[in-house]
Amino acid sequence: MKLLIVGGDELVYHLSRRLISKGHEITIINKDREYSKELARNLNATIVCGDAVDPDVLEDANIREVDMLAALTHKDQDNLIICRLAQKYYKIPRTAALINDPDNQAIFNDLNIDSLFNITSLLGSLLEQNISHEEVTNLFMIEEGNLSVTKCLIPEEAPADGKTLKELELPLSIVLGGILRDGEMLIPRGGTKIKSGDKVIIISLPAEQGAAISALRGEN
């Protein structure tokens, strides 16, 4: 199957790597030139640098040839526009979108986007089911044990305390999927600053779980 994925960050990297391993043909549209170069170096995929809201960029990505489009940017408005362009003008058989703000889900439903991923609700439910006072909790394994999901409490004066995700410079294979702070779920971005008392959701390869915890908490 030919899939067109719009967006960036570690989510797109890990998703694309998984799909490629399953034999799918992947094209990625990303606005960040440097990150596009990084994706091109690490993935066996076609990378197009540009804004997918622009029809010319979609044409450069050969949108007319794809079987499915997934809009996974951090802006719900962009995801909605991209999916509507794919449906209305290019007759793409299936579309999927990431919803960053749960309040927008009704709009996506009204416009008949095929698949919706409300990551805030998903992570919120996950944490509600696994609230614990333990400082590090292994929540579950996914992808037949190839990825681990861990909840990590950030103590005072930890290496990550007061730093942004960009400053931590975590490798691509380690993803911070969410931050629970003062009872609210935050979806971290590059400029998100981690604070002591945060409960951070780590998605990583099992072999790199220790390195992730060490980078955040300073433990070996």
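Author: Let's start with what is tucked away: Asp76, Asp78, Asn79, Leu80, Ile82, Cys83, Leu85, Ala86 and Gln87 are the buried residues of H4. Keep in mind that this is a predicted model. The cover over those buried residues includes S1, H3, S4, S5 and helix H5 (105–110).

Asp78 is worth a stop. Aspartate 78 lies in helix H4, which runs over residues 76–88. Its side chain is buried but has no salt bridge. The nearest side chain of opposite charge belongs to lysine 31, and that is 4.2 Å away. Why doesn't that pair count as a salt bridge? Because the cut-off is 4 Å between a side-chain nitrogen of Lys or Arg and a carboxyl oxygen of Asp or Glu, and lysine 31 sits at 4.2 Å. Leaving out residues up to four places away in sequence, aspartate 78 touches Lys31, Val53 and Thr73.

Now for the greasy side of things. The largest nonpolar core holds 23 residues, and the ones with the most contacts inside it are Leu4, Ile29, Leu58, Ile63, Leu69 and Ile92. At least two residues each come from strand S1 (2–6), helix H3 (55–60), strand S4 (68–71), H4 and strand S5 (94–99). H4 gives the largest share of this core, with five residues.

Take Ile92 from that list. Once residues up to four places away in sequence are set aside, isoleucine 92 touches Ile63, Val66, Asp67, Met68, Leu69, Ala86 and Gln87. Two of these names, Ala86 and Gln87, are also among the buried residues of H4. There is a second, separate core too, made of 17 residues, and Val12, Met68, Ala96 and Leu98 are among them.

What about charges that do pair up? The count comes to four salt bridges. One of them joins the side chains of glutamate 65 and lysine 2, at 3.7 Å from N to O. That pair links distant parts of the chain: glutamate 65 is in the loop between H3 and S4, lysine 2 is in strand S1, and they are 63 residues apart. Lysine 2 counts as partly exposed, at 31% relative accessibility.

Another bridge brings arginine 64 to glutamate 59, with the closest N and O atoms 2.8 Å apart. Arginine 64 is exposed, with a relative accessible area of 57%, while glutamate 59 is partly exposed at 30%.

A further bridge, between glutamate 34 and lysine 37, has an N to O distance of 3.7 Å. These two are three residues apart in helix H2 (residues 33–42), so about one helical turn separates them. Glutamate 34 is exposed at 53% relative accessibility, and lysine 37 is partly exposed at 41%.

Stepping back to the whole chain, there are eight helices and eleven strands. Buried residues account for 47% of the 220 residues. Of the contacts between residues at least 6 apart in sequence, 56% join residues at least 24 apart. The accessible surface comes to about 11600 Å², and carbon and sulfur atoms own 47% of it.

Conventions. Residues are numbered from 1 along each chain as its sequence is written. This is a predicted model: local features need pLDDT of at least 70, side-chain atom pairs count only at pLDDT 80 or more; totals for chains, interfaces and linings use all residues. Side-chain values use heavy atoms; hydrogens and water are left out. Helices (H or I, at least four residues) and strands (E, at least two) are DSSP runs, numbered from the N terminus. Buried means under 20% relative accessible area, exposed over 50%, partly exposed in between (1.4 Å probe, protein chains only). Lys and Arg count as positive and Asp and Glu as negative; His and the chain ends are not counted. Contact means heavy atoms within 4.5 Å. A nonpolar core is a set of buried Ala, Val, Leu, Ile, Met, Phe, Trp, Tyr and Cys residues joined through side-chain atoms within 4.5 Å. Accessible areas come from the Shrake-Rupley method with a 1.4 Å probe; for residues, only the protein chains shown count as cover.
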